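Q: I have a model open and would like to go through some of its details. Can we start with the words you use?

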Amino acid sequence: MSDVLRGLDERARCAWVGADPEYLRYHDEEWGRPLHGDRALFEKMSLEGFQAGLSWITILRKRPRFREVFSDFDPDAVAEFGPADVARLMSDAGIVRNRAKIDAVIGNARLVRELAPGELDALMWSFAPPAGGPRPRDFADVPATTPGSVALSKELRRRGFRFVGPTTMYALMQSAGMVDDHVVACWRAA
């Protein structure tokens, strides 16, 4: 039996979606779809880092504010943030106010800025497994980490990136479509 729920539209979806409208939209329109671009992947890395220890729906609901206060996750702009920006971010109830995570995003932006255009995209996607592997039948078949996410995490940490552990990187790989973990019976698996 697959791990799916039927929505009001009668579509079978991965059960983690539940009935939350924002989760439904995210599942149907974003999760598991290939995402490219240094800015887009920097945003994904940053938000996945903020999510550590929290639920993803919390981050989704706060994403518009995150984008606003982090200059739409433009690495060049975020790399210029200084102590006044950190203080501003720490006082903003519209985001997750965690000093270590805020500092990590700014530090990570500085590292991305040092890369050639397209290099972050190429680096991250180089750890994606070949497409066409077996699809999970249910969420018991979905791992928390994979050899690819462990290797991506290790390489990013070697380069100085923070809040990029193997579990966080596997969540990024799922959300950015580097892997497709929609369960067999989900309409998105078709």
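A: Helices here are DSSP runs of H or I with at least four residues, strands are runs of E with at least two, and both are numbered from the N terminus. The model is predicted, so local features need pLDDT of at least 70 and side-chain atom pairs count only at pLDDT 80 or more, while totals for chains, interfaces and linings use all residues. Residues are numbered from 1 along each chain as its sequence is written, and side-chain values use heavy atoms, with hydrogens and water left out.

Q: OK, where do R25 and E22 lie?

A: Both are in helix α1 (residues 21-29), three residues apart, which is about one turn of the helix. R25 and E22 form a salt bridge, with their closest N and O atoms 2.9 Å apart. A salt bridge here is a side-chain nitrogen of Lys or Arg within 4 Å of a carboxyl oxygen of Asp or Glu.

Q: Why can side chains pair like that?

A: Side chains of opposite charge can pair when their charged atoms come close.

Q: And how many salt bridges does the count come to?

A: The count is 18 by this rule.

Q: Which side chain meets E30 in a salt bridge?

A: That of R63, at 2.8 Å from N to O. R63 lies in helix α3 (residues 56-69) and E30 in the loop between α1 and α2 (38-51), so the pair ties together parts that are 33 residues apart in sequence. Both R63 and E30 are buried.

Q: What about R39, what does it pair with?

A: R39 forms a salt bridge with E43, and the closest N and O atoms are 2.8 Å apart. Both residues lie in helix α2, four residues apart, or about one turn of the helix. R39 is partly exposed at 32% relative accessible area, whereas E43 is buried at 5%.

Q: Which residues do shared partners join into one network?

A: E22, R25, E29, E30 and R63 are joined by salt bridges that share partners.

Q: What does K101 touch, then?

A: Leaving out residues up to four places away in sequence, K101 touches G49, F50, Q51, A52 and F163. Contact means heavy atoms within 4.5 Å.

Q: Where is F163 found?

A: F163 is in the loop between α8 and α9. F163 has a positive phi of about 60 degrees although it is not a glycine. At 34% relative accessibility, F163 counts as partly exposed.

Terms used
Buried means under 20% relative accessible area, exposed over 50%, partly exposed in between (1.4 Å probe, protein chains only).
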